Structures are given as C-alpha cells and as structure tokens.
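Subject: Structure handover, disulfides

Hello,

Here is the structure I promised to pass on. Please open it first, then read my notes below.

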Amino acid sequence: MMLLSKPRSHRFLTLLMLALILSSIATPLVTTVLAGTPTPSEVEAVARTLYCPLCVGERLDACEIPLCMDMKKEIAKQLAEGKTPEEIRQYFVAQYGPIVLGEPPKKGFNWLAWIIPFVALLGAGGYVFLRIRQWSRGAPQAETVTSERTAREEETDELLDEYARQVERELSQWE
Amino acid sequence: MSAQNTPQTRTSRTTIIIFVLVLLFIGLLAAGLLMRHKGRPEKGPAPDFTLQLFDGGTIRLSDLRGKVVVVNFWASWCQPCKDEARDLEEVWQKYKDRDVVFIGINWSDTESKARAYLKAYGITYPNGPDLGRRIGQKYRIRGVPETFIIDKQGNVRAAIIRPMSADELIGYIEPLLGE
C-alpha cells in the first residue's frame, strides 16, 4: 500500500471531516423533506378505506379511472400537508358524499340496508331460541315414553318368568 | 289443552307472521326501487339548489325567476364535456346580457382539475362544485354532461343527456326568451 505524503494525508483528513460535518447537517434536512412526501404505501393505506364515487363498490386503491387517479393524487397532496387519514376521508365525504365510504347514506330507503341485517339477526336468533325451547320441552316427553316402554318390558319379562316357572312346575309333576 | 295452544296452532301463527313480514319487506323494497327509478326531472318545477362558486360567491336557483337558466353538469375527466365546453361559453357570451343565466355544476371531480379545466376552456359563467353530490342527486343525474333548461317560471323545460352544439342550445333558449 502506498503511504500518503503528509500534506496530502492532511488534506484528505480535512476533506473527510468536512464530508462528515456536511452529512451530519444534511441528513436531518433530507429526512425532514422526505417526511413531507408520503410513500405510495401511505397513500394506498388511505385509498384502501375509500371507494370510487362513480363505480359500483370498487375500492379506490384498485380503481384506475381518471377520477380515482386524481383522488389518489389529492390524498398524497393532503398527506404531504400533514392532514390525518380521517381528515382526508372527511374531505372526500364533503366532496362526493358518503358513497366514498362504501356504505349507504343513513337516510330514506337506505335505512333498510342498515336495519335489515339486525332484524334478520334478531329473527334468526328468536327462531333458534324458540326451537331450542321447544326441544327442551319435548325432552321429558321422550323420557316418559322411554320409562313407559321399560315398564312394559319389565311386565312382559315378569309374565315370561311366571310362565317359565309354571312350565317347570308342571314338568316336575311328570317326573 | 285448549285448541288455541296446540303446537299446530302456534306453528301456523308463526308462519302467518313470517309471511306478513316477508310481504312487508318486499313491499318496501318495491317502493324504494320505484322511488329510485323515478328518473330525472324533465318537466315541472326545477329542484332548487344553492351552489358555492369557485370564485367564492354563491348562487341560488330560486333567485333567478324571470330568467332562462341553463344548468350544465360537467367534470374535467369527461371527454364529451370538453367537446361542448367551447360551445357553451360561446352561447353564454351571446346571451349573457339578456335574461339568460348559465350555471356550471362540477360533478364528481377534484377542485384543482376543475379549475384547470375552466381556465383551459376559457369558461366565464358561474361555476361551482357539487359538494356531496347533493345537486346531482336532486336532478337524478347518472353521468356527465347533463344539461337542464329552466324557463322564467322555474320549470324544467328540457333535460339533455348528451353534449350539445351551440346551435342546439340556442334552439332551446330562444323560444323561452319570448315567453
């Protein structure tokens, strides 16, 4: 390895020091600038929670029509401005209505879409409850039937035993 | 056990209740669908609205009685809207000093794109965004461009669901000015 002469090594060390100082100043600056630029995944994360206002049930992150592309640019712009995802969502609701949240607006006929699942759940729950109660009431009857059948069988057994004893008695007379 | 409480009676009563509920549900569904497909207003009183304009002011339709009003729904991403943009401005320039008002309603768009569009096509008549798409819902529009011609009494006289030429638009406006 070739050794550097003293003035050259001194210059090299000065440059190295300068580079270190500059990088230590520049790094926070670069980080600050980059912090204001949202990453594609940050934009996607907000877009995933929104829906295209023109398409039927298509999520914004998967939508490629010009309006959706503009909306994604708007998300990036607002994230860069420091808006929270919730603030951005509210902005789009104000612009396009609640359709962008992928849920029907809670008014008029649309209330049915909100009520029916709960009514259906209550109905199904009620039906299951009634069926279970019916079965639980039916169970003792089955038990009674079982016990009746057992008593009948015991009676039959007793009769058969008596018959067998009588046969034995009569046979013993012949012996 | 009385006849009213037999399991068969209970089952048939439950069946009737379920049947009535299903019928009720179907009825509501049908009513909702009929309301939804009522269609856009093509005659009769024009639904009133207040529009916040891009330039900061507001405009209310009901304040414009005595004037012929042309309400045009548009979007910057809509090619047919671009096709008619210059014709609309041309007709506006021709009639703006008479009893005619043009209102542009920017539907399902982003503000920056909408402003750029207005600048690009040199549009000078009042324009504003349909916030929450409430005006579009009132007029039951299904897309853009859609144009409604409203007479001096505030009644819808025509609903045009396609881009229009200047001559066609003049053909709608002229007879209404004479009324």
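A residue counts as buried when its relative accessible area is under 20%. Keep that cut-off in mind for what follows. Note also that this is a predicted model.

I looked at the disulfides. A disulfide is a covalent bond between the sulfur atoms of two cysteines.

Chain A

Start with Cys52(A) and Cys55(A). A disulfide joins them, with an S to S distance of 2.4 Å. That falls within the 2.5 Å cut-off, so the pair counts as a disulfide. The link is right-handed, with 70° about the S-S bond. Cys55(A) has 18% relative accessibility. This value is under 20%, so Cys55(A) is buried. Cys52(A) is buried too, with a relative accessible area of 1%.

Next come Cys63(A) and Cys68(A). Their disulfide has an S to S distance of 2.2 Å. The torsion about the S-S bond is about 75°, so this link is right-handed. Both Cys63(A) and Cys68(A) are buried.

Counting bonded cysteines along chain A, the pattern is 1-2, 3-4.

Chain B

Here Cys78(B) pairs with Cys81(B) in a disulfide, and the sulfur atoms lie 2.2 Å apart. The torsion about the S-S bond is about 90°, so the disulfide is right-handed. How accessible is Cys78(B), buried or exposed? Its relative accessibility is 2%, so Cys78(B) counts as buried. Cys81(B), at 1% relative accessibility, is buried as well.

Best wishes

Terms used: Residues numbered from 1 in each chain as written. Chains lettered and ligands numbered in written order. Predicted model: local features only at pLDDT ≥ 70, side-chain atom pairs only at ≥ 80, totals over all residues. Heavy atoms only, no water. Buried < 20%, exposed > 50% of the residue type's maximum accessible area, 1.4 Å probe, protein only.
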